[in-house]
Amino acid sequence: MEPLRTRRLVLLPLDADRARRLAAGLPGPGDRWAEGYPDTGDRAGAERYLRVLADTGDPAPYGAFEIQRRCDGLLIGGAGFHGPADEEGRVVAGYGLVPAARGRGYAAEALRALLEHARAHGAVSVSGDTDRENTASQHVMTAAGMLPVGEDARLLYYAVSWTRAVDSG
């Protein structure tokens, strides 16, 4: 899978080796980790990616990514899909940033790149969720174009859908 590039970020695809290092909290050669990276969410995402690899094989194009800031090359978080698309073409996305990188629009920029990537590869919808108290994450999803679609006692659910998937060929 190729990196996803935005104006300020590069989303670097995980592979099994990167995911194992990330899950263990051990940087690879040349990795420049921002303070606080990886956090427990990043490690959990790497472990989820490794489970998907073991259970169903490579989920490409719906894999996981590390978020790298272009201006300094620091890895500041992670974003990606929780697994391959289901039979209807739906995927679930998630993201997270180190505290020092929050509040600058990076998460929404990364999520928009994921949404564009999913649509370009045939997904018909992308969903995500956040804790009710996490207003920052709620703003990220709406800024990226997702809409509220439901809630329960703990979580708010967001999604974006397209009437026709873009041809990826």
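Leaving aside neighbours within four places in sequence, S137 is in contact with Y95 and T130. In this predicted model, S137 belongs to helix α4, which spans residues 135–143. The residue is buried, and its relative accessible area comes to 9%. One of its two partners is also reached through a polar contact: the side chains of S137 and Y95 approach to 2.5 Å.

E109 sits in helix α3, residues 106–120. With a relative accessible area of 8%, E109 counts as buried, because the cut-off for that class is under 20%. Once residues up to four places away in sequence are set aside, E109 touches T6, R7, R8 and L9.

The largest nonpolar core holds 47 residues, among which L11, I76, L111, L114 and V126 touch the most other members. Helix α3 gives this core its largest share, nine residues.

Turning to helix α1, residues 16–24, the buried positions are R18, A19, L22 and A23. These residues lie on the same side of α1, because the arc they cover around the axis is only 130°. From there, the buried residues of α1 pack against strand β2 (9–13), helix α2 (40–56), strand β3 (64–69) and strand β4 (75–81). At the start of α1, a side-chain oxygen of D15 comes to within 3.2 Å of the backbone nitrogen of D17. Just after the helix, G25 adopts a positive phi of about 75°.

W33 and Y37 make up an edge-to-face pair, with 5.5 Å from centre to centre and 90° between the planes. Both W33 and Y37 are buried. Y62 and F81 likewise form an edge-to-face pair, with centres 5.5 Å apart and planes at 90°. Because Y62 lies in the loop between α2 and β3 while F81 lies in strand β4, this pair ties together parts that are 19 residues apart in sequence. Y62 and F81 are both buried as well.

A contrast to these buried sites comes from strand β7, residues 147–151. None of its five residues is buried, so the strand lies largely in the open. Strand β7 is joined by four bridges to strand β8 (residues 155–161), and the two strands run antiparallel. Together β7 and β8 form a hairpin, with three residues between them. Within this pairing, E151 stands opposite L156 in β8.

Technical notes
Residues are numbered from 1 along each chain as its sequence is written. This is a predicted model: local features need pLDDT of at least 70, side-chain atom pairs count only at pLDDT 80 or more; totals for chains, interfaces and linings use all residues. Side-chain values use heavy atoms; hydrogens and water are left out. Buried means under 20% relative accessible area, exposed over 50%, partly exposed in between (1.4 Å probe, protein chains only). Two strands pair if DSSP finds at least two bridges between them. The arc is that of the directions from the helix axis to the C-beta atoms. Contact means heavy atoms within 4.5 Å. A polar contact is a pair of N or O atoms within 3.5 Å; within protein, one must be able to donate a hydrogen and the other to accept it, and residues adjacent in sequence count only if both atoms are side-chain atoms. Rings of Phe, Tyr and Trp (its six-membered ring) pair if their centres lie within 6.5 Å; planes under 30 degrees apart count as stacked, over 60 as edge-to-face and the rest as tilted. A nonpolar core is a set of buried Ala, Val, Leu, Ile, Met, Phe, Trp, Tyr and Cys residues joined through side-chain atoms within 4.5 Å.
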